[in-house]
Amino acid sequence: MTSPSSSWRPKAIIFDLLTALLDSWTLWDASTTCTTVAEGRHWRARYLELTFGTGAYVPYEQLVHKAAKDVGLPDLAPRTLLENWDKLQPWPEVAQVLEQLKLKGYKLGVVTNCSQRLGTIAADIVGNFDSVVTAEESGFYKPAGQAYQAILTIMGVQAEDALFVAGSAGDVEGATHAGMKVVWHNKIGLPRKGESVPLKEAISLDTALSDFM
């Protein structure tokens, strides 16, 4: 794993929302109506495959339903998930980390693979952001370059002046290809994909961002 230059500091720190900052895994698990965590993880993994493979925006709710169908879950599972979206919870360290980053003077942004309505709900749960862009608003799902460029444009920063905090392997690849330096908050130990290497990979957000706090 590479290390960031001791002299480089980003002008903006941009986050993945639903994996890097929010514990969406627990809500997905609870929505399956099944008896094991494995079924929820399988559904969520399939959803990540679909969103990261879609490109141009199609309705987010449609992908959630398709992922459930692909892994053999009933329609009740995605309906339950979407009805309880406002019950998403941040990872325990998120509030303190974002507060410290704000005190350091960083602009904080989010680019997230979901609809504008659900993205607004999820971002408001966390709070503290200067800018939020959803896939519906940009017209593209990550890792399409247009998704990352949309948040950079809104925040008024160049890719080389932004640090991206990934929550999944697809974001490590996508944000790197978009020209940003990347750290990976890999809370649940997702497998690596592709050849892009983050500056740091850690199971806690504060450790992932320790060089910038």
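User: How many salt bridges does the rule find across the interface of domain 1 and domain 2?
Analyst: Keep in mind that this is a predicted model. To count, you'd need a side-chain nitrogen of Lys or Arg within 4 Å of a carboxyl oxygen of Asp or Glu. Going across the interface of domain 1 and domain 2 with that rule, the number of salt bridges comes out as 0.

User: And how many residue pairs are in polar contact across that interface?
Analyst: Here we look for N and O atoms within 3.5 Å of each other. Both residues must have pLDDT 80 or more, and between domain 1 and domain 2 the count of such pairs is 14.

User: Which helix gives the most to the side of domain 1 that touches domain 2?
Analyst: Three helices each supply at least two residues there: H6 (116-126), H7 (135-138) and H9 (169-177). The one that gives the most, with 5 residues, is H6.

User: How many residues on that side of domain 1 are nonpolar?
Analyst: The contact takes 26 residues from domain 1 and 22 residues from domain 2. On the domain 1 side, 8 are polar and 5 are charged, while the nonpolar ones number 13.

User: What area do domain 1 and domain 2 bury between them?
Analyst: Interface size is often given as the accessible area lost when the parts come together. In domain 1, Ser24, Leu118 and Tyr141 lose the most, together 33% of what that side buries. For the two domains, 60% of the buried area is on carbon and sulfur atoms, and the area itself is about 2,000 Å².

User: How far apart do the C-alpha centres of the two domains lie?
Analyst: Domain 1 covers 12-24 + 89-209, and domain 2 covers 25-87. Between their C-alpha centres, the distance is 20 Å.

How values were computed: Residues numbered from 1 in each chain as written. Predicted model: local features only at pLDDT ≥ 70, side-chain atom pairs only at ≥ 80, totals over all residues. Heavy atoms only, no water. Domains from an automatic or database assignment. Contact = heavy atoms within 4.5 Å. Buried area = accessible area lost by both parts, 1.4 Å probe. Polar contact = N/O pair within 3.5 Å; in protein donor to acceptor, adjacent residues only side chain to side chain. Helix = DSSP H or I, 4+ residues; strand = E, 2+ residues; numbered from the N terminus. Nonpolar A, V, L, I, M, F, W, Y, C, P; charged D, E, K, R; others polar.
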